[in-house]
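Please keep the sequence and the structure at hand while reading.

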Amino acid sequence: MPDKKSNRPPPPAGAAQRAPTTRAPKRTPEQAALLSQIEQVAQGLAATFAPFCEVVVHDLLDPKHSILAIHNNLSGRGVGDPTTELGLARIADPDYPQVIANYANQFADGRQAKSTSVGIKDTAGNYIAALCLNVDLTLFRSLQSVVGQFTSIDGDTGLSESLDPAGADAIRQRIDQFAARLSTAPRALKAAERRALLRELKDSGCMEVRRAMEVVAQHLGVSRATVYGDAK
């Protein structure tokens with residue numbers, strides 16, 4: 001979890017930092033290879049979730065200077081800073097949970113965060129590293145509020161309206177039931193199955209519903225021309 005913020009100014013947003021190699025303790029070839037691969041994974045995750053997710057690589061073999069790399073720096077920490085309480089817990093107990101996902105966290109300036117920590121073990125079963133993701137929830141909560149306001153509906157008007165053609169729900173329900181009997185999804189139906197479905201819909205009178213062809217095409221994820229062809 002994020003440590004107390006240091007006095008050093010944070011690097012530019014999105015910038016990645018890496019530890020100098022001279023500080024690293026001696027490692028086995030296996031441990032060195034694992035740490036190298038973890039740094040590659042961290043770089044990919046950081047690029048994917050920038051700028052909202054801080055990605056940190058901890059070297060648990062050197063807990064006093066554990067941060068090997070930090071991408072999308074949101075916590076104000078730096079390379080060479082010590083490990084967290086979670087890291088110390090893993091060092092002390094090889095049976096400590098390897099994955100702790102989506103736990104509540106907080107940056108030093110009070111911003112709320114959601115964190116996930118993945119411990120990395122060597123073949124001897126000892127923790128040697130941790131890959132940590134800290135998501136800044138500030139923007140997402142603001143967006144959630146805006147979206148909630150935008151999608152709110154005034155229920156006091158006493159009005160109710162539907163832009164769906166009458167009987168469209170019945171068509172969709174019959175299509176779903178047909179697909180379920182075949183243990184598949186409506187959009188996965190093959191041509192022969194669609195033709196059988198169209199015959200069933202026609203025999204039940206569903207195709208007499210206004211814009212029935214359009215409703216069927218939308219629910220099957222095909223064009224109206226395809227539906228017309230299957231109906232012949």
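The following text moves from the whole chain to selected elements and residues.

**Basis of the description**

The model is predicted, so that local features need pLDDT of at least 70 and side-chain atom pairs count only at pLDDT 80 or more, while totals for chains, interfaces and linings use all residues. Residues are numbered from 1 along each chain as its sequence is written, and side-chain values use heavy atoms, with hydrogens and water left out.

**Overall architecture**

Seven helices and six strands are found in the protein chain. Helices (H or I, at least four residues) and strands (E, at least two) are DSSP runs numbered from the N terminus. Along the sequence, their order is β-α-β-β-α-β-β-β-α-α-α-α-α. Of the 232 residues in the protein chain, 34% are buried; the term buried means under 20% relative accessible area, exposed means over 50%, and partly exposed lies in between (1.4 Å probe, protein chains only). Among contacts in the protein chain with a separation of 6 or more, 55% come from residues 24 or more positions apart, a contact being heavy atoms within 4.5 Å. The accessible surface of the protein chain is about 13,700 Å², and carbon and sulfur atoms hold 54% of this area. Accessible areas come from the Shrake-Rupley method with a 1.4 Å probe, and for residues only the protein chains shown count as cover.

Helix 2 spans residues 85-92, and its buried residues are L86, G87 and R90. Seen down the helix axis, these buried residues fall within an arc of 100 degrees, so they line one face of helix 2; the arc is that of the directions from the helix axis to the C-beta atoms. They pack against strand 4 (99-106), strand 5 (112-121) and strand 6 (127-136). The exposed residues E85 and A92 are on the face of helix 2 turned away from its buried side.

Elsewhere, F52, L139, F140 and L143 make a nonpolar surface patch of about 330 Å². Patches are made of residues with over 30% relative accessible area and no salt bridge, with like charges joined within 9 Å and nonpolar side chains (Val, Leu, Ile, Met, Phe, Trp, Tyr) within 5 Å. F52 is situated in the loop between helix 1 (29-49) and strand 2 (53-59), and F52 counts as partly exposed because its relative accessibility is 31%.

**Salt bridges**

Side chains of opposite charge can pair when their charged atoms come close. The structure holds eight salt bridges, each defined as a side-chain nitrogen of Lys or Arg within 4 Å of a carboxyl oxygen of Asp or Glu. The table lists some of them.

| Pair | N to O distance |
|---|---|
| R77 and E54 | 2.8 Å |
| R111 and D109 | 2.7 Å |
| D136 and R111 | 3.0 Å |

R77 and E54 are both buried. R77 counts as buried because its relative accessibility is 2%. R77 also makes a side-chain polar contact of 2.8 Å with S75; a polar contact is a pair of N or O atoms within 3.5 Å, where within protein one must be able to donate a hydrogen and the other to accept it, and residues adjacent in sequence count only if both atoms are side-chain atoms.

D109, R111 and D136 are linked in a network of salt bridges. D109 is partly exposed, with a relative accessible area of 48%, and R111 is partly exposed at 23%. D136 lies in strand 6 and R111 in the loop between strand 4 and strand 5, so this pair ties together parts that are 25 residues apart in sequence.
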